[in-house]
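Please keep the sequence and the model in view while reading.

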Amino acid sequence: MEITKVGVVGFGLMGSGIAQVCAQAGFDTLVREVDQSFIDKGFARVDSSLARVVKAGRATEDQAKAARGRMRGTTSLADFNDRDLVIEAVIEVIGAKKQVFGELDAVCGPETIFCSNTSSLTIVEMAATTKRPDRFAGLHFFNPAPVMPLVEVVQAITTSDATVATLHAFVTKLGKTPAVCKDTPGFIVNRLLVPYLLGAIRALEQGVATVEDIDNAVKLGLRHPMGPFELIDYTGLDINLHVANILFEEFRDPSVAPPALLKRMVLAGRLGAKAGRGFYEYDEKGQKKPSTPTK
Ligand code: CAA
């Protein structure tokens with residue numbers, strides 16, 4: 001099956017990055033948000049990201065303009081009736097996702113493939129609520145989506161091999177590298193990443209080293225672009241706690257049990273860069289301040 005028209009539900013941080021990547025690769029891209037103000041915010045994010053792409057010399061101004069021209073916003077899922085592929089990127093709450101797919105199932109043709117960008121929820125739980133469990137898969141992008149080259153293609157027990165092949169080809173057309181994996185908690189990346197990030201928090205709790213020294217050790221000793229605390233602040237402490245809770249519920253493995261400090265920082269509202277404070281402090285532009293305030 002050939003995909004030409006893509007729909008993205010949710011125009012937040014991940015949805016806007018995914019939609020931008022699709023439009024840059026030449027796909028007609030329709031995005032849906034519940035309110036026009038969220039659509040405007042999403043397009044502001046796309047515009048600033050496209051400007052970075054142009055500044056970095058990875059696209060010309062004309063190419064960026066053409067990509068932007070391939071994107072449209074709507075507040076109605078009914079407009080998704082001509083889409084070949086729909087990627088859902090709404091809040092990580094199973095009820096909200098099921099509701100979106102229920103509405104889409106009634107609107108889209110039987111050939112339309114549905115994907116969720118969930119990082120931790122079970123794909124088959126969403127697929128089973130639709131009339132197309134064979135044409136339903138996970139398509140997991142990484143933050144920032146316009147930059148990160150990997151997309152996990154998640155095959156649920158109901159997903160057909162033909163759907164996986166179509167999505168594999170689609171991801172390749174996006175200029176990304178697909179990694180096919182089973183519908184298990186955390187897929188590939190979060191299954192490996194979460195125990196590592198939680199281990200860094202436990203090392204901090206146990207007084208092994210400071211936030212800065214742990215981050216520097218990982219950046220300089222392993223050549224990671226970010227240390228664990230920079231990465232947790234970047235993706236959000238609340239998101240990391242949510243994913244850890246889901247992995248722990250499934251595996252009951254102490255390596256994915258959320259540390260007390262993470263829970264308490266989320267309760268205190270220290271959610272990371274987006275909140276101005278996580279393991280580090282941030283200015284109003286989201287830039288890290290030099291000092292390390294964590295106690
Ligand atoms: N849009 C477009 N371009 C962007 C961008 C954006 N939002 N963010 C960064 N870039 C580009 C910059 O323009 C720059 O391009 P050039 O190198 O071509 O000039 C390049 O990316 C590097 O950016 P910066 O120089 O501003 O900053 P940096 O070198 O510190 O890189 C980073 C920033 C790409 C975020 C890098 O620190 C990084 O790769 N960090 C790790 C990110 C990561 O691990 N993400 C996965 C998180 S886990 C996840 O997402 C899964 C989940 O389920 C939670």
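Glu230 is buried, because its relative accessibility of 13% falls under the 20% limit. The model is predicted. Glu230 pairs with Lys219 in a salt bridge, with N and O 2.9 Å apart. The two sit in distant parts of the chain, eleven residues apart: Lys219 belongs to helix α8 and Glu230 to helix α9. Lys219 is partly exposed, at 23% relative accessibility.

How is the packing of two helices described? The angle between their axes and the distance between the axes describe it.

Helix α8 spans residues 211–222, and helix α9 spans residues 228–235. Their axes are 7 Å apart and meet at an angle of about 100°. That angle makes α8 roughly perpendicular to α9, because values from 65 to 115 degrees fall in that class.

Which residues make the contact? From α8 come Val211, Ile214, Asp215, Val218 and Lys219. From α9 come Pro228, Phe229 and Glu230. Five of these contact residues are nonpolar, three are charged and none is polar. Lys219 and Glu230, both in this contact, are the salt-bridge pair described above.

## Salt bridges elsewhere

How many salt bridges does the structure hold? There are 13.

One of them joins Arg68 to Asp47, with the closest N and O atoms 2.7 Å apart. Arg68 lies in helix α3 (residues 61–69) and Asp47 in helix α2 (residues 36–55), so this pair ties together parts 21 residues apart in sequence. Arg68 is partly exposed, with 27% relative accessibility. Asp47 is also partly exposed, with a relative accessible area of 37%.

Lys274 and Asp238 form another salt bridge, at 2.8 Å from N to O. Asp238 lies in helix α10 (residues 237–251), and Lys274 lies in the segment after α11 (260–267). The pair therefore ties together parts 36 residues apart in sequence. Is Lys274 buried or exposed? Lys274 counts as exposed, because its relative accessibility is 54% and the limit is over 50%. Asp238 is partly exposed, at 25%.

## A four-residue network

Salt bridges can also be followed through a group of side chains. Lys5, Asp28, Asp82 and Arg83 are linked in a salt-bridge network.

Note on methods
Residues are numbered from 1 along each chain as its sequence is written. This is a predicted model: local features need pLDDT of at least 70, side-chain atom pairs count only at pLDDT 80 or more; totals for chains, interfaces and linings use all residues. Side-chain values use heavy atoms; hydrogens and water are left out. Axes are lines fitted to C-alpha atoms, for helices over the stretch in contact, and angles run from 0 to 180 degrees between N-to-C directions. Helices (H or I, at least four residues) and strands (E, at least two) are DSSP runs, numbered from the N terminus. Angles under 35 degrees count as roughly parallel, over 145 as roughly antiparallel, 65 to 115 as roughly perpendicular and the rest as oblique. Contact means heavy atoms within 4.5 Å. Ala, Val, Leu, Ile, Met, Phe, Trp, Tyr, Cys and Pro count as nonpolar, Asp, Glu, Lys and Arg as charged, and the others, Gly among them, as polar. Buried means under 20% relative accessible area, exposed over 50%, partly exposed in between (1.4 Å probe, protein chains only).
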